[in-house]
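This report is meant for a reader meeting the structure for the first time. Please look through the sequence and the model before reading on.

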Amino acid sequence: MGGEFETRWGKIVFYTLIILFVLMTVSPLLWMAKLALVSQTELDAYPPRILPQSLELTSFETIFGDNRFRSGLINSVIIAGVTTVICLSVGSIAAYALARLKFGLRGPVLSTILAVAFFPAVAIIAPLFLQFSNWGIVNTYQAMIIPDVLFALPLTVYLLVAYFRELPLDIEEAAKVDGAGPMQTFFRVTLPLSIPGVVTTGLLCFIFAATEFLFANTFAFDPSTQPVTVIIPQFATEYRTNYGAQAAASMVVTVPLTILVLAFQRRIVSGLTAGAVK
Amino acid sequence: MAESATGPGTGTRPSGGFVLAALRTVRNEVTDKERRLAYILVTPAVVIILAIALVPLLYAIWLSFQETIINQSSSFVGLQNYVEMLQDSDFHSALINTTVFTVLSVSLELVAGMAIALALSRAFKGRGIARATALAPWALPPAIAAVMWRLMFQDEVGGGIVAYLIKSSGIYTHPILGSDTALVMAAVLVDAWKTTPFMALLLLAGLQVIPQDVYEASKVDGATSWQQFWRITLPLVRPAMLVALLFRTLDAWRVYDLLWVMGNRQLNSLSVYVYNGVKISQLDFSLGNAAAVFVFLSSIAIAVVFIKVLGTRAVD
């Protein structure tokens, strides 16, 4: 509904709404940054004061001095990284077949893969728990990577199918006329042309796996394999009144994710909304 | 989909039946090869889904009719697990909390998301910044968002800014973290904070495909903005809206981390109930698994209602 504002009041209401929206979105993050950076005295003082009165890095020293936090960060990167690599390898070839090749079960295969996006993760934790116990892989990275791959794969396929379909067909046709088979066309033409799409998809896969909680909390028992998303909520008990440490730990996870998402926001939005408006 | 099989004869006009037949053979050969390749390419993905989703799901359904204790043999008990589950007061609170959370958070996100999407669909100064900030909370892990907001809901300490604001406004004067009802409401707010902007972006994408001339034509006919919204915007954005709505509802229905962390492990939801049975108490494993099957079946029921009643298509 573009165009000019009909009245001055319309304009005022409009900008108030926008400013309110931005403030409400951002202020909790700013408040966490404040809590992470002020002294314990200020954290305990009541009523709260909006502007920081002190500035120190004690909270960050506390959490980075905590072994579990450091290993949690590493575990998160390993779990999310391996999940991303598997999803991109398996997902990109499947997406290429679904986007460009003709085969009878194309529709059913696509539906099956996408249906998983609507599948409640909690439905399979009991059988997986039994199975992983039998295999002796509870409390290992695999126990989290296996279900993470399942749920990141539909997202990967969905995004890449949309991306491959947008590529101009004539380049691939030209490769074919020059005698390239479908696999050659995929690896030499389609994939190199899709690098931006693949990178965005990989990023979303990574974010998905790094933010996963249910499987991590169910299948990892101790800090040796627990990702940081499981470690930080435990801090509420460990650092009961050390609110600064809890806030600092949250910031360490939040800031890089936010920066990544903001850097790629245009691509992420167009990727994720591609299917919604078809 | 364009024709992908192009034999060497492309471009020449086949003059007789023989040429046509020859062309068809080349074509079929290419298509056969292509089809075989396609099946090879999708096999790993399909195997992953069948092995990690379908097989465990069927196993879970089978298990739900068994009395299971981990590392021991199980015995068939019919519907007993479901009967026990339905009589369990923890399951009742889980069902109530999940229902309240789902209905409130999804409605709030839809209404607020629509308002924001309508605002963002206008051209204005700072639109890029407003849109970019929308994605910031979305990328946060829900468990971390819950930790952050728990700090802000703390009663009578410097970090508890939201508790302070709510208390001084007189809306709710008791400690928020001390009551289950207040905690569920708080979780609704946190979920709305985290997801509304994303909902807005999905709706915005739907709004942007509505052609401008429809609005201009209606303006010529004297339609007010209000009429435009109800008669043009809403019907045309409906498909995008329903997909987003279905997705969000199913997502809220399986809520786990937000309630678990916000309630410091004490707040029940359907998924928390499953988790408690499966991981924490080995004696309740069968009940937890039965609840897991319940979550699956109720999710299907929700999807069917959305698709049938509201006329959306879930997939594709």
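## Terms and conventions

Two residues are said to be in contact if their C-beta atoms, placed from the backbone, lie within 7 Å. This is a predicted model, in which local features need pLDDT of at least 70 and side-chain atom pairs count only at pLDDT 80 or more, while totals for chains, interfaces and linings use all residues. Residues are numbered from 1 along each chain as its sequence is written, and chains are lettered from A and ligands numbered from 1 in the order in which they are written.

## Where the chains meet

The contact involves 93 residues of chain A and 95 residues of chain B. On the chain B side, the largest share comes from helix 1 (residues 17-63), with 20 residues; helices here are DSSP runs of H or I with at least four residues, numbered from the N terminus. The side of chain B that touches chain A comprises 68 nonpolar, 18 polar and 9 charged residues, where Ala, Val, Leu, Ile, Met, Phe, Trp, Tyr, Cys and Pro count as nonpolar, Asp, Glu, Lys and Arg as charged, and the others, Gly among them, as polar.

## One residue of helix 1

B:Ile48 lies in helix 1 of chain B, and it touches A:Val90, A:Val149, A:Leu150 and A:Leu153, leaving aside residues up to four places away in sequence. B:Ile48 counts as buried because it has 21 C-beta neighbours inside 10 Å, the cut-off for buried being 20 or more other C-beta atoms within 10 Å of its own, with C-beta atoms placed from the backbone.

Key:
Helix = DSSP H or I, 4+ residues; strand = E, 2+ residues; numbered from the N terminus. Buried ≥ 20, exposed ≤ 12 C-beta atoms within 10 Å, placed from the backbone.
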